[in-house]
Amino acid sequence: MSKKPFYITTPIYYVNDKPHIGHAYTTIACDVMARFKRLDGFDVKFLTGTDEHGMKVYQAAAKQGISPQELTDRVSVNFRDMNRLLNISEDQFIRTTDPAHKKAVQAIWQKMQDAGDIYLGKYAGWYSMRDEAFYGEDELTDGPDGTKIAPTGAPCEWVEEESYFFKLSAWGDRLLKFYEEHPDFIQPDYRRNEVISFVKSGLRDLSISRTTFDWGVQVPGDEKHVMYVWVDALTNYISALGYPDTESEEYKKYWPADVHVTGKDILRFHAVYWPAFLMSAGLEVPKRVYAHGWWMAEGQKMSKSLGNVISPEHLVNTYGLEQTRYFMMREVIFGNDGDFAHKSMVNRVNAELANNIGNLVQRTLSQINKNCEGQVPDPGILEDVDHALLNHAGQEMLIAVRNEFDKLQFSRALEAIIHVANLANAYIDEQAPWTLKKTNPERMKTVLYVLAETIRNLGLILQPFVPQAANRILDQVGVAPDARDFAFIGAQHALVKGTLLPKPEGVFPRLVDEEPAAQEKTA
Ligand code: MSP
């Protein structure tokens with residue numbers, strides 16, 4: 001039977017900056033989702049990459065006295081390095097300077113033009129380079145010295161130039177109809193409502209080319225113009241699949257995407273512009289766009305000037321890779337804003353990874369090591385309490401976790417997993433195998449077997465979040481490498497009695513509650 005496809009994407013990151021916690025967050029979330037789906041039997045494509053054109057990158061290069069190409073080559077590597085540091089399992093890393101990508105962008109432009117949705121005009125209005133976005137006068141506030149400020153806080157400048165436009169104003173009703181027919185397209189729901197009211201308030205035509213710099217994809221048939229960076233960037237999601245060849249194997253298999261994960265700040269581009277471009281070009285619209293929230297640092301907005309931008313290296317070096325991945329997925333409900341605080345990190349890791357899961361594994365395995373000759377014990381005759389725990393740790397847990405993953409509710413999925421670890425810890429206290437050792441050694445073996453089985457299931461389900469630690473747990477209960485996907489969750493795939501287990505070693509050490517050394521300033 002052929003596997004069901006699942007296509008997930010991160011935004012592609014601007015190369016004017018170093019990777020920081022915000023980039024790490026989106027990428028880790030997509031990685032956790034991609035790993036979950038692979039283990040759950042899907043044929044996954046996970047795409048990420050870098051957004052290399054546009055005024056912002058052009059000016060960043062000029063400031064450093066190098067060519068934009070040199071800058072992008074240099075910085076794009078930092079994002080690949082971030083992925084290695086964070087153990088990211090992307091299937092493809094796309095760069096918008098790839099020649100195949102540029103061809104795809106020109107092709108989609110041509111389709112939109114053929115559909116009558118592009119015209120040449122003159123743009124006169126406000127532009128924010130920081131956001132690479134146009135704003136209407138009514139959206140702006142007055143800043144110091146007569147500057148105009150976008151809702152994101154970015155300064156805007158007045159631009160006046162010849163420009164091609166996309167007839168976005170003509171797409172409002174069709175977009176609203178699309179949202180209505182696809183109620184799951186924009187998530188979370190409160191974001192959906194925001195987008196709908198934005199569209200209902202009336203859409204202006206969108207300026208989609210620039211003539212004042214040339215760092216971009218050329219407009220077909222008019223070499224004075226380069227395309228607006230968002231037309232270019234959004235197209236990465238299909239150029240990666242071989243577009244304009246819509247008959248290519250990957251395009252046919254993976255498009256439309258199952259989910260584009262983005263930050264809340266760039267939802268409008270993904271939920272308004274992108275579907276309009278695609279419909280205009282006669283292409284299918286992705287199934288879902290999920291907008292997550294923003295991280296602050298110790299209660300403050302992160303900014304270069306405050307020097308409090310948290311880097312992925314700082315996180316991994318201070319807290320550990322698995323701990324960082326776990327914390328980011330656990331601490332905030334996906335969609336909400338969150339705060340990165342040292343204390344919360346230490347508390348989470350110690351309470352949930354060290355004391356709860358780590359301790360369960362440690363005390364079970366050390367008793368098996370000491371009292372069962374280091375072998376998977378004979379299950380003997382199971383009682384109702386044993387079956388009950390095994391059921392909770394088997395299909396029941398998988399179904400609960402899968403249900404949360406379907407909604408990208410990573411923290412709730414972890415709650416369901418922690419719930420099982422709590423039940424197992426209560427079971428071990430209640431059954432007290434250390435006492436049974438003298439009073440009823442057969443029963444002790446049954447109890448330790450049931451616990452080892454529970455740990456096997458916990459190890460399997462934890463893999464997407466903490467792949468290395470989960471695999472160390474699975475090694476310690478003797479699970480073969482080819483028995484680690486989710487088809488092996490549940491009672492019928494139990495451990496084999498008599499299997500010799502390696503000497504147990506702790507997987508989740510406690511973090512010391514000391515303020516870490518300040519990270520090097522990233523600015
Ligand atoms: N290049 C565009 C995306 C094009 S996608 C076709 C872009 N790049 S970005 O590098 O500026 O931002 C990428 C992502 O980082 C966005 O999803 C944004 O929300 C996210 N974050 C930036 N700062 C963040 C936090 N402080 N917290 C969480 N995510 C944040 O936009």
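Predicted model: local features only at pLDDT ≥ 70, side-chain atom pairs only at ≥ 80, totals over all residues.
Residues are numbered from 1 along each chain as its sequence is written, and side-chain values use heavy atoms, with hydrogens and water left out.

**The ligand**

Which residues come nearest to the ligand? Out of the 23 residues around it, they are Ile12, Asp51, Gly263, Asp265 and Trp295; a residue counts as near if one of its heavy atoms lies within 4 Å.

| Residue | Protein atom | Ligand atom | Distance |
|---|---|---|---|
| Glycine 263 | backbone N or O | oxygen | 2.9 Å |
| Aspartate 265 | polar side-chain atom | oxygen | 2.5 Å |
| Tryptophan 295 | backbone N or O | nitrogen | 2.9 Å |

On its own the ligand exposes 670 Å², and the protein buries 93% of that (areas come from the Shrake-Rupley method with a 1.4 Å probe; for residues, only the protein chains shown count as cover). Strand S1 (4-14) gives the largest share of the shell, four residues. Other elements that give two or more residues include helix H1 (21-39) and strand S14 (259-263). Helices (H or I, at least four residues) and strands (E, at least two) are DSSP runs, numbered from the N terminus.

Is lysine 45 buried or exposed? Lysine 45 is buried, with a relative accessible area of 4% (buried means under 20%, exposed over 50%, partly exposed in between, with a 1.4 Å probe and protein chains only). Its side chain makes a polar contact of 2.5 Å with the side chain of glutamine 92. Leaving aside neighbours within four places in sequence, lysine 45 also touches residues including Phe6, Tyr7, Glu250 and Tyr254, where contact means heavy atoms within 4.5 Å.

Aspartate 40 is in the loop between H1 and S2, and it is buried too, at 16% relative accessible area. Beyond its neighbours within four places in sequence, aspartate 40 is in contact with Arg402 and Phe486.

**A three-stranded sheet**

Next comes an open sheet with the order S11-S13-S12 and antiparallel pairing. Strand S11 (209-210) and strand S12 (218-219) stand at the edges with a single partner strand each, so one side of each has no neighbour in the sheet. Two strands pair if DSSP finds at least two bridges between them; S11 and strand S13 (residues 222-227) pair over two bridges. Serine 209 has methionine 227 in S13 as its bridge partner. Helix H4 (residues 99-114) lies across S11, S12 and S13, at about 100 degrees to S13 (axes are lines fitted to C-alpha atoms, for helices over the stretch in contact, and angles run from 0 to 180 degrees between N-to-C directions).

The peptide bond from glutamine 187 to proline 188 is cis, with omega near -5 degrees. Another cis bond runs from tryptophan 255 to proline 256, with omega near 0 degrees. Proline 256 is found in the loop between helix H9 (249-254) and S14.

Aspartate 145 is not a glycine, yet its phi is positive, near 55 degrees. Aspartate 145 is exposed, with a relative accessible area of 80%.

How values were computed: Polar contact = N/O pair within 3.5 Å; in protein donor to acceptor, adjacent residues only side chain to side chain.
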